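This report describes the fold, the surface and selected residues of one protein chain. Please examine the sequence and the structure below before reading on.

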Amino acid sequence: MPLTPLDIHNKEFNRGFRGYDEDEVNEFLDQVIKDYELVMRDKKELEGRVSELTDRLGHFTNIEETLNKSILIAQEAAEDVKRNAEKEAKLIIKEAEKNADRIINEALSKSRKIAMDIEETKKQSKVFRTRFKMLIEAQLEMLNNDDWDQLMDYEMPALEEKID
């Protein structure tokens with residue numbers, strides 16, 4: 001157990017032959033008591049300060065741990081968001097590719113149908129042209145026929161004779 005100022009104050013020394021000067025020893029002990037009290041007071045203040053700083057250090061350590069956990073959580077959340085965004089981007093790209101393929105296939109199908117329609121129209125126009133040409137040639141042949149000339153030369157019997 002450490003000495004207290006009271007222990008120093010109450011200390012009694014045995015007297016011996018040719019011992020120390022009692023007043024000088026008492027004066028020195030009084031000085032030691034004052035200094036020792038001062039040291040003990042400083043020690044108590046420092047212990048209080050150490051305790052306070054230890055508490056603050058604990059508080060800041062808790063804050064640091066909380067911040068580190070928060071940073072880790074934020075990093076994990078950021079990674080989750082990034083992964084989800086990448087997944088969504090891939091889904092969007094796949095959907096766009098599917099739509100592009102569908103649109104291309106529809107366009108090709110329509111293009112083929114239009115090409116077939118054009119070919120069919122060309123065939124029909126050739127048939128129409130051939131038939132129309134044949135009709136016109138037949139009509140021309142009828143016009144060039146001598147029957148028209150005979151009709152023009154044909155004379156009608158006089159109607160006067162029959163009226164009598």
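Does Arg112 count as buried or exposed, judged by relative accessibility? At 53% relative accessibility, Arg112 is classed as exposed, since the exposed class covers values over 50%. The model in which this residue is described is predicted.

## Overall form

The chain contains 4 helices and 0 strands. Read from the N terminus, its elements follow the order α-α-α-α. The radius of gyration of the chain is 64 Å, whereas the globule rule gives 15 Å for 164 residues; the chain is therefore more spread out than a compact globule.

## Surface and burial

How much of the chain is buried? Of its 164 residues, 2% are buried. The accessible surface of the chain amounts to about 16300 Å², and carbon and sulfur atoms account for 58% of that surface.

Pro5 is a residue of helix 1. With a relative accessible area of 14%, Pro5 is buried, because the limit for this class is under 20%. The C-alpha atom of Pro5 is separated by 110 Å from that of Lys110, and these two residues are 105 residues apart along the chain.

## Two arginines of helix 2

Arg112, the residue of the opening question, lies in helix 2. Between the C-alpha atoms of Arg112 and Glu65 there is a separation of 69 Å; along the chain, the two residues are 47 residues apart.

Arg131 is also found in helix 2. Its relative accessible area is 62%, so Arg131 is exposed. The C-alpha atoms of Arg131 and Met142 are separated by 16 Å, with 11 residues as their distance along the chain.

## The aromatic pair

A pair of aromatic rings is described by the distance of the centres and the angle of the planes. The structure holds 1 aromatic pair. In this pair, the ring centres of Phe128 and Phe132 are 5.8 Å apart and the ring planes stand at 10°, so the pair is stacked. The reasoning rests on a cut-off, because planes under 30 degrees apart count as stacked.

Where do Phe128 and Phe132 lie? Both belong to helix 2, where they are 4 residues apart, about one turn of the helix. Phe128 is exposed, with a relative accessible area of 56%. Phe132, at 43%, is partly exposed, because its value falls between the limits of 20% and 50%.

## The largest pocket

Rolling a probe the size of a water molecule over the atoms shows where empty space is left. In this structure, the largest pocket holds about 450 Å³ of space. It is lined by 17 residues, and those closest to its centre are Phe13, Arg15, Glu22, Val25 and Asn26.

Which helices each supply at least two residues of the lining? They are helix 1, covering residues 5–10, and helix 2, covering residues 22–144. Helix 2 gives the most to the lining, with 6 residues. Sorted by class, the lining of the largest pocket comprises 6 nonpolar, 5 polar and 6 charged residues.

Technical notes
Residues numbered from 1 in each chain as written. Predicted model: local features only at pLDDT ≥ 70, side-chain atom pairs only at ≥ 80, totals over all residues. Heavy atoms only, no water. 1 Å grid on protein atoms, 1.4 Å probe; cavity = no way out; pocket = protein on both sides within 12 Å on 5 of 7 lines; lining within 4 Å. Points joined across faces, edges and corners; volume = space filled by probe spheres on them. Nonpolar A, V, L, I, M, F, W, Y, C, P; charged D, E, K, R; others polar. Rg over C-alpha atoms; globule rule 2.2 N^0.38 Å. Buried < 20%, exposed > 50% of the residue type's maximum accessible area, 1.4 Å probe, protein only. Areas by Shrake-Rupley, 256 points an atom, 1.4 Å probe, with all protein chains shown as cover. Phe/Tyr/Trp six-rings, centres within 6.5 Å; stacked < 30°, edge-to-face > 60°.
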